[in-house]
4 protein chains.
Amino acid sequence: MNSLKHFKICVILIMVSLTSSLANAQISNDITHNDALKALLIAKQKAEELNVLVNIAVVDAGANLKSFIRMDESFLGSIDIAIKKAKTSRYFNIATGDLGKLSQPGGIIYNIEHSNGGLITFPGGIPIINQNKNIIGAIGVSGGTIEQDRDIAIAGANAILNNLKN
Amino acid sequence: MNSLKHFKICVILIMVSLTSSLANAQISNDITHNDALKALLIAKQKAEELNVLVNIAVVDAGANLKSFIRMDESFLGSIDIAIKKAKTSRYFNIATGDLGKLSQPGGIIYNIEHSNGGLITFPGGIPIINQNKNIIGAIGVSGGTIEQDRDIAIAGANAILNNLKN
Amino acid sequence: MNSLKHFKICVILIMVSLTSSLANAQISNDITHNDALKALLIAKQKAEELNVLVNIAVVDAGANLKSFIRMDESFLGSIDIAIKKAKTSRYFNIATGDLGKLSQPGGIIYNIEHSNGGLITFPGGIPIINQNKNIIGAIGVSGGTIEQDRDIAIAGANAILNNLKN
Amino acid sequence: MNSLKHFKICVILIMVSLTSSLANAQISNDITHNDALKALLIAKQKAEELNVLVNIAVVDAGANLKSFIRMDESFLGSIDIAIKKAKTSRYFNIATGDLGKLSQPGGIIYNIEHSNGGLITFPGGIPIINQNKNIIGAIGVSGGTIEQDRDIAIAGANAILNNLKN
């Protein structure tokens with residue numbers, strides 16, 4: 001079972017590295033579907049390494065859903081949270097956890113969560129940045145602890161431009 | 001009036017115990033409508049014992065509404081709360097009161113309530129578990145104090161697998 | 001299996017007839033939860049006789065959800081339709097099928113379905129009337145053909161006041 | 001550009017065929033994320049063959065979003081339509097185009113689209129069936145003509161059980 005898992009990860013990695021080298025030829029200010037798929041699969045691989053079941057969503061520069069996957073047996077309630085984390089991150093070009101520090105009672109943007117059809121402001125949403133330092137989208141992860149969700153989201157964002165640390 | 005009430009409870013109990021013995025023949029990973037009705041009626045009986053008026057909702061493994069009843073003169077605003085408590089409990093496989101401890105200001109999932117069309121994270125939503133320890137649905141109760149709501153929900157969940165304590 | 005089904009129907013019938021005789025002592029202008037449960041169970045029994053899987057919803061005089069059940073394996077999309085049929089019927093004190101005749105293109109209330117958060121205007125929603133000829137609620141059924149849904153809804157409404165014909 | 005595209009398709013095909021043979025070992029009544037990803041990628045490949053830009057969504061047996069991709073430059077308005085087509089198809093276990101034949105003016109379920117938060121009843125949503133003939137999910141496609149959307153959805157569903165014809 002474990003060797004099967006490693007085999008699948010290996011196949012995905014080959015695919016990702018191939019599409020990666022092809023995608024590098026052009027730098028876009030909006031995430032491509034190939035890169036959105038790549039971020040998704042790398043994030044999923046990270047989740048499998050951490051042995052945690054998550055939902056993963058990628059939105060584009062317009063904060064519109066670009067790619068999504070829900071791992072088997074992950075929380076049903078995390079579908080919406082993963083998508084909202086990705087949207088929240090792109091809406092304000094910020095990691096959702098950082099936004100949440102400002103939206104606490106007494107904070108400068110207290111209850112901003114009521115806007116935009118519902119925001120999620122705890123960790124797990126991360127902007128995706130290209131080589132020109134433009135924000136081209138965002139990734140949202142939900143299903144694990146907030147630390148796991150954030151680390152998985154960072155792994156996904158780093159699949160596009162490897163500039164973030166856990 | 002009181003003897004009438006006891007008579008009705010008695011009739012319901014006969015029905016429940018009969019359908020119970022029939023239902024035990026098969027163990028499903030999704031709550032059946034007979035069990036959803038049974039949980040509802042046992043929870044309602046508990047509410048009558050506590051002399052409190054509540055709304056009771058049961059959702060299935062997919063978090064979809066399976067059975068519901070609103071007791072006469074109970075709060076109209078509790079219809080939605082009972083349903084949302086049941087859904088919230090299944091969305092995250094947790095008692096709603098336990099989720100609420102984490103969503104307070106400064107908590108790790110502060111304001112998670114803004115997801116999934118609105119969550120309810122105070123007590124009264126309880127997962128329903130079968131004999132194989134699978135979560136097959138959830139029950140949500142609203143209308144009394146949070147302690148009463150939780151106790152009534154536990155009574156309903158215990159109608160399926162008697163493993164929870166107040 | 002079949003004898004089991006008949007046995008369960010029998011048990012439900014005993015319960016219903018007992019609670020029925022108790023409920024007759026008082027005539028309310030709002031459906032009681034006992035009557036809402038009774039309408040639900042009689043409608044469910046009719047569905048079992050017709051061998052069709054349905055969702056059944058009862059709303060009160062205020063068009064608020066009073067009781068609900070979804071039969072195993074019935075359409076997921078019928079949860080909302082059953083509830084909307086019941087609400088639509090009480091919103092306008094009419095059988096939903098009769099409303100639908102007026103909401104067709106060119107009809108006098110064309111596209112009324114866009115109001116009230118979405119109406120359903122094909123058959124399966126029926127007002128529930130008491131002995132004083134007051135409308136005390138409505139029942140909505142979804143999952144079978146429109147003829148089956150209507151017949152099942154009528155059976156449920158007739159459990160309260162036996163005045164409707166198929 | 002074209003040889004690049006063929007190369008990418010080739011890589012995806014290798015991945016899909018490999019995960020396919022691994023996935024066949026087990027038959028589930030709910031679509032797995034591997035199969036949901038596979039259906040997505042095969043549908044995307046079909047769209048590339050037809051030279052049309054689409055959004056593709058896969059939902060599970062509970063009508064919950066399982067996987068999604070939006071092709072670059074496809075309609076933004078098709079994100080919601082693709083998801084709604086997949087949900088509609090699972091809500092009623094039917095191809096959306098067949099449902100739409102019944103929801104026309106004068107049809108037996110006219111304006112059913114107003115239920116469930118909005119249904120889409122033109123072609124492009126197809127149930128996904130496993131080898132045991134159980135419906136395990138559905139796929140929805142939007143962005144091309146209705147014929148193209150339907151053909152792409154069928155290609156995706158056939159990736160799981162090859163039993164549908166265009």
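This is a predicted model: local features need pLDDT of at least 70, side-chain atom pairs count only at pLDDT 80 or more; totals for chains, interfaces and linings use all residues.
Contact, as the word is used here, means heavy atoms within 4.5 Å, and helices (H or I, at least four residues) and strands (E, at least two) are DSSP runs numbered from the N terminus. Residues are numbered from 1 along each chain as its sequence is written, chains are lettered from A and ligands numbered from 1 in the order in which they are written, and side-chain values use heavy atoms, with hydrogens and water left out.

**Sheet of chains A and D**

- Eight strands form an open sheet in the order S3(A)-S4(A)-S1(A)-S2(A)-S2(D)-S1(D)-S4(D)-S3(D), with antiparallel pairing, two strands being paired if DSSP finds at least two bridges between them.
- Its edge strands are S3 (125-129) of chain A and S3 (125-129) of chain D, each of which pairs on one side only.
- Strand S2 (residues 65-70) of chain A meets strand S2 (residues 65-70) of chain D in the antiparallel sense over three bridges, and the bridge partner of Ile69(A) in S2(D) is Ser67(D).
- Asp60(A) and Arg70(D) form a salt bridge (a side-chain nitrogen of Lys or Arg within 4 Å of a carboxyl oxygen of Asp or Glu), with their closest N and O atoms 2.3 Å apart.
- Because Asp60(A) lies in strand S1 of chain A and Arg70(D) in strand S2 of chain D, the pair joins two chains.

**Sheet of chains B and C**

- Another open sheet of eight strands, with antiparallel pairing, has the order S3(B)-S4(B)-S1(B)-S2(B)-S2(C)-S1(C)-S4(C)-S3(C).
- S3(C) and strand S4 (residues 135-142) of chain C pair in the antiparallel sense over five bridges, and Ile129(C) stands opposite Ile135(C) in S4(C).
- Helix H5 (residues 146-158) of chain C packs on the sheet by touching S3 and S4 of chain C, its direction making about 145° with that of S4(C).

**Interface of chains B and A**

- In this interface, 18 residues of chain B are in contact with 20 residues of chain A.
- The two chains bury about 1400 Å² between them, 63% of it on carbon and sulfur atoms, buried area being the accessible area (1.4 Å probe) that two parts lose on being put together, summed over both.
- The count of salt bridges between chain B and chain A is zero.

Methods. Axes are lines fitted to C-alpha atoms, for helices over the stretch in contact, and angles run from 0 to 180 degrees between N-to-C directions.
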